[in-house]
Amino acid sequence: MLPPDASTADVRDLIHRYYASLFPKTCPHCGRGFQTLREYVEATVPAGRYISYDVDAGHFAPERLVGTYAFANCPCGDTLALGTDGLPHETRLALLAWVQAEAARRSMAATEFLDWLRTTLRQQILAESGPPAA
């Protein structure tokens with residue numbers, strides 16, 4: 001669960017841990033395997049923006065969540081997605097409320113803030129210690 005006074009670092013860590021739990025992952029088009037989130041981030045290129053269909057619709061506390069997705073292109077050209085579908089409903093609602101508040105605090109549109117969050121998360125993943133994935 002997301003604490004009420006969550007910082008950007010708290011949220012990045014929560015999303016990082018969740019996305020890392022989705023691996024290993026395989027591209028359905030070419031069969032390329034991504035053993036870790038870091039390997040995935042190193043090998044893929046962001047496609048489009050970090051999109052929250054709930055934010056786009058102006059729904060920051062919907063009863064029924066649509067979801068938030070980070071699309072990326074595999075080296076083969078196929079588009080892959082990491083989504084928030086597996087997070088608990090309460091956590092997803094808390095994240096939407098946090099995005100709304102944080103974007104307002106920074107005088108940014110929520111969609112712009114989500115893109116910034118994605119960029120900083122990818123930077124954090126790439127900066128992790130250890131050798132680059134093979």
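**Helix packing and aromatic pairs in the predicted model**

P24 is placed in the loop between α1 and β1 (25-26), where helices (H or I, at least four residues) and strands (E, at least two) are DSSP runs numbered from the N terminus. The peptide bond that leads from F23 to P24 is cis, with omega near 10°. The structure is a predicted model, in which local features need pLDDT of at least 70, side-chain atom pairs count only at pLDDT 80 or more, and totals for chains, interfaces and linings use all residues. Residues are numbered from 1 along each chain as its sequence is written, and side-chain values use heavy atoms, with hydrogens and water left out.

F23 also belongs to an aromatic cluster, together with F34 and Y40. A pair of aromatic rings is described by the distance of the centres and the angle of the planes. Rings of Phe, Tyr and Trp (its six-membered ring) pair if their centres lie within 6.5 Å; planes under 30 degrees apart count as stacked, over 60 as edge-to-face and the rest as tilted. By this rule the count comes to seven aromatic pairs. The pair of F34 and Y40 is edge-to-face, because the ring centres are 5.4 Å apart and the planes lie at 80°. Both F34 and Y40 are buried, a term for under 20% relative accessible area, with exposed meaning over 50% and partly exposed in between (1.4 Å probe, protein chains only). The rings of Y69 and F71, by contrast, are stacked, because their planes lie at 25° with the centres 6.2 Å apart. Within this pair, Y69 is buried, with a relative accessible area of 16%, whereas F71 is partly exposed at 22%.

Helix α1 (residues 8-20) and helix α5 (residues 110-127) have axes that come within 10 Å and cross at roughly 70°. Axes are lines fitted to C-alpha atoms, for helices over the stretch in contact, and angles run from 0 to 180 degrees between N-to-C directions. The crossing of α1 with α5 is right-handed, that is, the near helix is turned clockwise from the far one by less than a right angle, and anticlockwise in a left-handed crossing. Contact means heavy atoms within 4.5 Å. From α1, the residues T8, V11, R12, D13, I15, H16 and Y19 meet W116, L117, T120, L121, Q124 and I125 of α5. Seven of the residues in this contact of α1 with α5 are nonpolar, four polar and two charged; Ala, Val, Leu, Ile, Met, Phe, Trp, Tyr, Cys and Pro count as nonpolar, Asp, Glu, Lys and Arg as charged, and the others, Gly among them, as polar.

R12 lies in helix α1. Apart from its neighbours within four places in sequence, R12 is in contact with W116, L117, T120, L121 and Q124. R12 and R122 are separated by 110 residues in sequence and by 9.7 Å in space, C-alpha to C-alpha.

The axes of α4 and α5 come within 9 Å and cross at roughly 100°, and the two helices are therefore roughly perpendicular to each other. In this contact, W98, V99, E102 and A103 of α4 meet A110, F113, L114 and L117 of α5. By class, the contact of α4 with α5 has seven nonpolar residues, no polar residues and one charged residue. In the loop between α4 (89-105) and α5 lies S107. Phi of S107 is near 55°, a positive value in a residue other than glycine, and S107 is exposed, with a relative accessible area of 69%.

Methods: Parallel < 35°, antiparallel > 145°, perpendicular 65-115°, else oblique.
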